[in-house]
Amino acid sequence: GVATVGDVVGLMNSHGAFFHAALDQRSLVVISIRYPIPIRYGFVHEARDAGSLVREWVKWDQEVLSNDNLASMLQHTIYISSTEPKGPSLIVLDSGLLAEYVSLPKKNFISRIRPPSPPEPPLEEVERIANLILSSNFPLLITSSLGKSEEAYIALQELSNLVSLPVIEGKFRIYNNFPWSNPMHLGFGSFVRGGWTSKYLEKADLLLIIEGDPPSYIKEDVKV
């Protein structure tokens with residue numbers, strides 16, 4: 001998605017939006033419109049580095065001082081935000097540039113933006129994890145946001161049904177990650193101070209953590 005905010009005040013009021021977009025791994029491009037440079041410094045609603053107000057929660061930020069590279073900058077920002085793990089990015093734009101002519105590429109540059117394909121794990125590593133699951137007495141998969149991908153949601157069901165792999169949804173569950181009606185769904189993590197836990201962690205001898213936070217306590221003899 002794309003959103004605009006008004007200068008420093010807009011950035012300060014949108015802290016929560018940046019934080020949750022980063023937490024939810026949402027692809028978001030935010031354009032902050034600043035006052036023109038001649039009246040910027042010394043003005044009460046200004047900052048030397050506007051991006052620093054939200055930099056902790058963005059994947060990338062840049063201030064554009066000329067329309068000459070605005071198109072390529074927008075392309076670059078969209079590419080970064082849509083690349084896994086997704087997240088918000090920020091473009092800071094001088095309001096004095098809004099009325100100027102922007103020279104766009106002859107081809108539709110937006111249609112050419114494609115995030116890179118996810119890397120495939122080595123076959124040896126896949127076989128190693130498969131052997132760990134099959135040799136474990138009580139393997140346990142933990143996830144909080146795997147359901148953001150429909151393909152991953154379906155693949156997890158197939159894997160769980162194939163090898164009887166129990167699944168727990170841990171802290172900060174954001175998506176529907178695994179069908180609640182599936183007998184391999186063992187419920188949700190219980191919040192405790194500093195994190196979360198589950199009664200099934202005492203039984204598990206192997207933890208597979210995919211798109212999720214580890215529990216607060218893990219037994220020393222558990223493989224992770």
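Here is a walk through the sheets, the aromatic pairs and the pockets of this predicted model. Residues are numbered from 1 along each chain as its sequence is written, and side-chain values use heavy atoms, with hydrogens and water left out. As the model is predicted, local features need pLDDT of at least 70 and side-chain atom pairs count only at pLDDT 80 or more, while totals for chains, interfaces and linings use all residues.

Let's start with the strands. Strands here are DSSP runs of E with at least two residues, helices are runs of H or I with at least four, and both are numbered from the N terminus; two strands pair if DSSP finds at least two bridges between them. Look at β1 and β2 (residues 28–34): they run parallel and are joined by five bridges. Valine 2, for instance, has valine 29 in β2 as its bridge partner.

Now for another open sheet, also described by four strands: β7-β6-β5-β10, with parallel pairing. Its edges are β7 (185–188) and β10 (206–209); each has a single partner strand, so one side of each is left without a neighbour in the sheet. The twist averages 25° from one strand to the next. Strand β6 (residues 167–169) runs parallel to β7, and two bridges join them. Glutamate 169 finds its bridge partner in β7 at phenylalanine 188.

On to the rings. A search of the whole structure turns up two aromatic pairs. Rings of Phe, Tyr and Trp (its six-membered ring) pair if their centres lie within 6.5 Å, and planes under 30 degrees apart count as stacked, over 60 as edge-to-face and the rest as tilted. Phenylalanine 19 and tryptophan 57 make an edge-to-face pair, 6.4 Å centre to centre with 90° between the planes. This pair links distant parts of the chain, 38 residues apart: phenylalanine 19 is in helix α2 (residues 15–23), and tryptophan 57 is in the loop between α3 (37–40) and β3 (60–64). Phenylalanine 19 is partly exposed at 36% relative accessibility, and tryptophan 57 is partly exposed at 24%. (Buried means under 20% relative accessible area, exposed over 50% and partly exposed in between, with a 1.4 Å probe and protein chains only.) Tryptophan 180 and phenylalanine 188 are edge-to-face too, at 5.4 Å centre to centre and 85° between the planes. Tryptophan 180 is exposed at 55%, whereas phenylalanine 188 is partly exposed at 39%.

Finally, the space. A pocket is an open set of points on a 1 Å grid over the protein atoms alone where a 1.4 Å probe fits, with protein on both sides within 12 Å along at least five of seven lines; lining residues have an atom within 4 Å of a point. The largest pocket is lined by 37 residues, with Pro121, Leu146, Ala152, Ile210 and Glu211 nearest its centre. Helix α6 gives the most to this lining, with seven residues.

Technical notes:
Axes fitted to C-alpha atoms, helices over the stretch in contact; angles between N-to-C directions.
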